[in-house]
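The following report describes the overall form of a protein model and one feature of its surface.

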Amino acid sequence: MTIENKKLDLIQWLTSLTDEHIISKLYALKQGSDIDWYDELTIADKNAITKSIAQADAGETISHIEVKSKIRSKIQHIKND
């Protein structure tokens, strides 16, 4: 089904809706799509992101390979206990 067909199917479905609760939820979803997700984060989340960016800028990162290696090591340690 193409995106155009999906849109037309949704329009047809919407025009047949009579449940105000569902219509209100859909309208809220539409309104929410204009909101930037970052603006919805808590101050703690924003601070954590800022700190992480600063760490990355300072070169305080580890590679994906290192992370996988550390996780495998921890899993192996747990299995051996």
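## Surface patch and overall form

L10 is a residue of helix α1. In this predicted model, L10 has a relative accessibility of 47% and therefore counts as partly exposed, a class that lies between the cut-offs of 20% for buried and 50% for exposed. Together with W13, L14 and I22, L10 forms a nonpolar surface patch of about 360 Å². The largest contribution to this patch comes from helix α1, which spans residues 3–16 and supplies three residues.

The secondary structure of the protein consists of four helices and zero strands, and its order along the sequence is α-α-α-α. The radius of gyration is 23 Å, whereas the globule rule gives 12 Å for 81 residues; the protein is therefore more spread out than a compact globule. Along the principal axes, the C-alpha atoms occupy a box of roughly 60 × 35 × 25 Å.

Burial and surface composition complete the description. Of the 81 residues in the protein, 1% are buried.

| Charge property | Value |
|---|---|
| Positive charges of the protein | 11 charges |
| Negative charges of the protein | 13 charges |
| Separation of the mean positions of positive and negative charges | 10 Å |

Definitions and conventions: Residues numbered from 1 in each chain as written. Predicted model: local features only at pLDDT ≥ 70, side-chain atom pairs only at ≥ 80, totals over all residues. Heavy atoms only, no water. Patch = residues over 30% accessible without salt bridge, like charges linked within 9 Å, V, L, I, M, F, W, Y side chains within 5 Å. Areas by Shrake-Rupley, 256 points an atom, 1.4 Å probe, with all protein chains shown as cover. Salt bridge = Lys/Arg side-chain N within 4 Å of Asp/Glu carboxyl O. Helix = DSSP H or I, 4+ residues; strand = E, 2+ residues; numbered from the N terminus. Buried < 20%, exposed > 50% of the residue type's maximum accessible area, 1.4 Å probe, protein only. Rg over C-alpha atoms; globule rule 2.2 N^0.38 Å. Lys, Arg positive; Asp, Glu negative; His and termini not counted. Charge placed at Lys NZ, Arg CZ, Asp CG, Glu CD.
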